[in-house]
Amino acid sequence: MDDIQLCNDIMNLKQELQNLVAIPEKEKTKLQKQREDELIQKIHKLVQKRDFLVDDAEVERLREQEEDKEMADFLRIKLKPLDKVTKSPASSRAEKKAEPPPSKPTVAKTGLALIKDCCGATQCSIM
């Protein structure tokens with residue numbers, strides 16, 4: 001908002017200055033010449049102030065851009081371990097499914113499954 005008001009002030013002062021400059025030098029009164037000098041000084045100060053605001057806004061933009069980059073890097077580093085954790089169970093399940101069934105009976109199997117692994121049939125000679 002300050003920048004908009006500043007630009008409006010500069011434009012108004014420039015308009016007044018143009019009106020004074022349009023008067024031939026020989027016809028200007030002492031007051032008009034003083035006013036011309038005052039306007040030039042005021043415009044100069046306002047332009048410097050506007051330049052400062054523009055530079056300040058650019059510095060702020062660059063600072064925010066750097067903060068955004070740092071936050072993105074931080075999140076990438078922090079979320080990388082989560083990607084490994086979430087991918088590990090899924091990949092380990094896929095690996096277990098891809099493994100061939102064990103040829104020897106395991107402790108987790110029940111009686112009928114043990115017999116089937118032993119003889120290859122549900123009717124076992126042990127039975």
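**Overall fold**

I counted the elements first: the protein has three helices and zero strands, where helices are DSSP runs of H or I with at least four residues and strands are runs of E with at least two, numbered from the N terminus. The order from the N terminus is α-α-α. The model is predicted, with local features needing pLDDT of at least 70 and side-chain atom pairs pLDDT 80 or more, while totals for chains, interfaces and linings use all residues. Residues are numbered from 1 along each chain as its sequence is written, and side-chain values use heavy atoms, without hydrogens or water.

**Surface and contacts**

I looked up the accessible surface, which is about 11,000 Å² (Shrake-Rupley, 1.4 Å probe). Carbon and sulfur atoms hold 59% of that surface. Of the 127 residues, 9% are buried, meaning under 20% relative accessible area (1.4 Å probe, protein chains only). I then took contacts (heavy atoms within 4.5 Å) between residues at least 6 apart in sequence, and 41% of these join residues at least 24 apart.

**Lys 28**

I found Lys 28 in the loop between helix 1 (2-21) and helix 2 (30-98). Is Lys 28 buried or exposed? Lys 28 is buried, because its relative accessible area is 8%.

Beyond four places in sequence, Lys 28 touches Leu 20, Val 21, Ile 23, Lys 33 and Glu 36.

Key: Buried means under 20% relative accessible area, exposed over 50%, partly exposed in between (1.4 Å probe, protein chains only).
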